[in-house]
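My notes follow in the order in which I worked.

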Amino acid sequence: MQNVTLNNGVEMPILGFGVYQIPPEQTERAVTDALAAGYRLLDTAAAYENEEAVGRAIKSSGIPREELFVTTKLWVQDAPGEENTERAFAASLRRLGLDYLDLYLMHQPYGDVYGQWRAMQHLYREGRAKAIGVSNFYPDRLLDLVLNNDITPAVNQVETHPFFPRTADQELMREHGVQIQSWGGFAEGRNNLFTNPVLREIGEKHGKSVAQVVLRWLVQRGVVAIPKSVRPERMAANIDVFDFELTDDQMASIATLNTGGSLFFDHRDPEMVGWLSKRRVA
Ligand code: NAP
């Protein structure tokens, strides 16, 4: 597995496994299968309500802790105030059965962002999180956070796929030492991604599937990817993207698929701010 080096020297696999929308009762099986397929980066969140199942799969895998890279995320309403952030972090660790995290992300750019970040910096300085970062931060919010705090986020996990490639955002992150990580790398199949003719034709040239072309395109751009699947054969295929390379022309063809915006929602849309700020996590 190829790694990226974060701004504090921590090594992170460039390809991992995401567990969003995997029901808790299926998650232990899925993570067990993903670890068997060779994934070592696991991406969960308090809001996914499956941290305990991820933890059980980690425990029963017998894989040494230092070989794994485990990310979870802090939910908006769990956080107001530094004490609540520390409590939410401790609860996530307890559910995962771990004594440190490799990466702790602020899930949304809402609520007490500065209080959350102060507490996360504290967790980082104590070594309880080896790296801290954010998610869903558009350039304006990211830059504000970077310019007004001691510690620069190591990662910004944002919607990134062929229809919304975030090339300029990635450049800004690079300038400030923030690693981009893609969520929804397949756009969850929206816009008929898996049958897209441009992606299919490129795949045929390499003997690879559309999914593999998309993941190769992400890692070739230096974007960390975390595809989700509950099917072992797809898990195996999705990690098998290190034996071919897309040409400059193929990268340019994929760039033409850019629709210029989100296929899900814009975190700057007031309706979304309201909706996400009301959602509570058990
Ligand atoms: P995704 O990875 O873009 O797409 C997952 C979908 O693709 C599932 O329906 C899966 O179905 C299907 N799929 C997977 N591999 C495939 C293949 N080789 N061929 C055909 N279909 C395939 O969606 P995502 O889960 O939303 O995003 C990935 C991860 O990013 C999440 O799991 C989560 O960890 C993270 N995320 C973060 C945020 C955030 O706000 N920070 C938001 C969303 C997601 P099967 O399972 O049936 O194979």
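**Second largest cavity.** I began with the elements around the second largest cavity and noted that α5 (139–147) and α6 (167–175) each supply at least two residues of its lining; helices here are DSSP runs of H or I with at least four residues, strands are runs of E with at least two, and both are numbered from the N terminus. The largest share of that lining, three residues, comes from α6. I listed the lining as Phe-137, Tyr-138, Pro-139, Leu-142, Asn-156, Asp-169, Leu-172 and Met-173.

**Conventions.** The model is predicted, with pLDDT of at least 70 required for local features and 80 or more for side-chain atom pairs, while totals for chains, interfaces and linings use all residues. Residues are numbered from 1 along each chain as its sequence is written, and side-chain values use heavy atoms, with hydrogens and water left out.

For the search itself, a 1 Å grid is laid over the protein atoms alone: a cavity is a set of points where a 1.4 Å probe fits but cannot get out, a pocket is an open set with protein on both sides within 12 Å along at least five of seven lines, and lining residues have an atom within 4 Å of a point.

**Both cavities.** I found two cavities of 30 Å³ or more, a volume being the space filled by probe spheres set on grid points that are joined across faces, edges and corners. For the classes, Ala, Val, Leu, Ile, Met, Phe, Trp, Tyr, Cys and Pro count as nonpolar, Asp, Glu, Lys and Arg as charged, and the others, Gly among them, as polar. The largest cavity has a volume of about 50 Å³, and its lining includes Asn-136, Tyr-138, Glu-159, Arg-166 and Trp-183.

**Largest pocket.** I then turned to the largest pocket, which holds about 980 Å³ of space and is lined by 43 residues, of which Tyr-20, Gln-21, Gly-184, Glu-188 and Lys-228 lie nearest its centre. By class, I recorded 20 nonpolar, 15 polar and eight charged residues in this lining.

**Ligand.** Which space does the ligand take? The ligand takes the largest pocket, by the criterion that more than half of its atoms lie within 2 Å of the grid points. Of the 26 residues around the ligand (a heavy atom within 4 Å), Asp-43, Glu-188, Lys-228, Ser-229 and Arg-234 come nearest.

Among the polar contacts (pairs of N or O atoms within 3.5 Å), I noted a backbone N or O atom of Phe-186 at 2.9 Å from a ligand oxygen, and a polar side-chain atom of Asn-238 at 3.0 Å from a ligand nitrogen.

Terms used:
Polar contact = N/O pair within 3.5 Å; in protein donor to acceptor, adjacent residues only side chain to side chain.
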